[in-house]
Amino acid sequence: MSTETQDDGLEYNFAYLDEQTKRMIRRALLKAVAVPGYQVPFAGREMPMPYGWGTGGIQVTASILEPDDVLKVIDQGADDTTNAVSIRKFFQRVAGVATTEKTEGATLIQTRHRIPEMPLHEGQILVYQVPIPEPLRFLEPRETETRKMHALEEYGLMHVKLYEDIARHGHIATTYAYPVKVNDRYIMDPSPTPKFDNPKMNRCAALQLFGAGREKRIYAVPPYTDVVSLDFEDHPFEIQAWDNPCSLCGETNSFLDEVIMDDQGTRMFVCSDTDHCTTRQQQGYQGPGQEAAE
Amino acid sequence: MTETENLQTPLLSVQSVTKTYGPHLGCSDISFDLYPGEVVGIVGESGSGKTTLLNCLAGRLTPDAGKVLYTDRLGSALNVHTVSEPQRRMLMRTDWAFVHQHARDGLRMTVSAGGNVGERLMAGGARHYGNIREQALDWLEKTEVDVSRIDDRPDTFSGGMQQRLQIARNLVTGPRLVFMDEPTGGLDVSVQARLLDLLRGLVSEMGLSAIIVTHDLAVARLLSHRLVVMRRGQIVETGLTDQVLDDPQDAYTQLLVSSVLHP
């Protein structure tokens, strides 16, 4: 199947990648789903964008995209930031699929750094862009050794990192890429999502796929799989909390971005999930910022 | 000794271990037994194969011939080089300890002293921060490392402190068998003396069995019960430490003993 683009007449195979590549990636995906949290190597391709811009996520998305899929792309929770806009446009052009900004209506969501606030439902797929898939990397630089540690379930070192956090800061100061244990077996890096999102991964109804383009690894969390954030008995896992609600929609239970408004140090806290925020505003919710403006 | 151990069964039995590096000989046809609670010193000049032998014994190198049998806590003999890798790695972080000549090889230099000591505990499943820290403090005190330095990284420590920290990190899980490769190498004499005192105290207090590789006969005399003298990859003499050092029989041992300066 191929898609002809309107503007330059160039013809791409549906969703850019050739069918053989898609098959290769799908095989890696099947293995990843079969062994939750295990990093499956795959022959990552050069994509028409630099590493670090989501090449891993794009390859996963391209391999599983179907013509009747509805695609949503978010970057730091927002639908309107550079990375999200360009990836969405990319797939509009090379696959011609429908796109949306609504979490509810999307069948496939590619994300960088966030999980939507609205709970995902069965049948949805969440694709993460992953820069560094190996959670043990900064403690153990040797790839042979980290593989062995995964194989033999030697995960003491991961707690050394958390120990260091507490010794240095008095609490576990890791706020993103917070290590999790998947299905009571593999330790996994949930990509640089804030730890605020970790609880959403646990027993999530949607399929979660992770693609790391530069490192050429794919891993997955199937629906309804246990995902537990690591912690100490006397220093349990905690998520971030904010003193203020969202200035625009008044939400008190979402991940907030701090926006600096002027040179006087005025700042505003708004939902990082733009779809969640606009949906709430349409429903009539108002935050302190809106009330003041009226 | 806390466990009821059969003192007649060797803890480690070394049988005809040979290791060559291509045409170069590492060590050849080495056999000896180590009994529970015993400290055996391996002495010899540089290049005599001491470290090669130690690495073979500790499962870090695979010998070309011969075998090393270790008697575990349940009393069954394990061949160090044919047990499965998970089992060997398990031994290495629970029953065994390896003190490197250079503390840098045995420590994580980017992790605080407390984290270094706690690593083996956490690898063993300890998940209570307060308890881990308490044990780390306890061990720093035992090894005479200033407890206020617990959150400092070992690269800010002096050589002697690093070596003591390495010992604390290794002994925290109460191993049964300790391998030491020149534990006092590169330290000045007063620091050496304190370290030796410390080691001697710990060995007798914990009832440790140990194999100590050293070229320093004074270290060998202070720490070990028995001596194995090596030259060119072979054992030239074995016996009780005092016996070997005071009444050496082999010509090479006589040379070795007479080479030591007596100020």
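Start with the contact between two helices of chain B in this predicted model. Select Ala113(B), Asn116(B), Val117(B), Glu119(B) and Arg120(B) in α4(B). Now colour the selection by class. The contact has 4 nonpolar, 2 polar and 3 charged residues.

Helix α4(B) covers residues 113–123, and helix α6(B) covers residues 159–171. Look along the pair. How far apart are the axes, and at what angle do the helices pack? The axes lie 7 Å apart, and the angle is about 30°. Angles under 35 degrees count as roughly parallel, so α4(B) is roughly parallel to α6(B). The crossing of α4(B) and α6(B) is right-handed.

Now zoom out and select chain B. Switch to cartoon. Chain B holds 10 helices and 10 strands. Its radius of gyration is 18 Å, close to the 18 Å from the globule rule for 263 residues, so chain B is as compact as a globular protein of that length. Along its principal axes, the trace of chain B spans about 55 × 50 × 40 Å.

Colour chain B by burial. What percentage of its 263 residues is buried? Buried residues account for 52%.

Take the contacts between residues at least 6 apart in sequence. Of these, 66% join residues at least 24 apart.

Methods: Residues numbered from 1 in each chain as written. Chains lettered and ligands numbered in written order. Predicted model: local features only at pLDDT ≥ 70, side-chain atom pairs only at ≥ 80, totals over all residues. Heavy atoms only, no water. Axes fitted to C-alpha atoms, helices over the stretch in contact; angles between N-to-C directions. Helix = DSSP H or I, 4+ residues; strand = E, 2+ residues; numbered from the N terminus. Parallel < 35°, antiparallel > 145°, perpendicular 65-115°, else oblique. Left-handed = near helix turned anticlockwise from the far one by under 90°. Contact = heavy atoms within 4.5 Å. Nonpolar A, V, L, I, M, F, W, Y, C, P; charged D, E, K, R; others polar. Rg over C-alpha atoms; globule rule 2.2 N^0.38 Å. Buried < 20%, exposed > 50% of the residue type's maximum accessible area, 1.4 Å probe, protein only.
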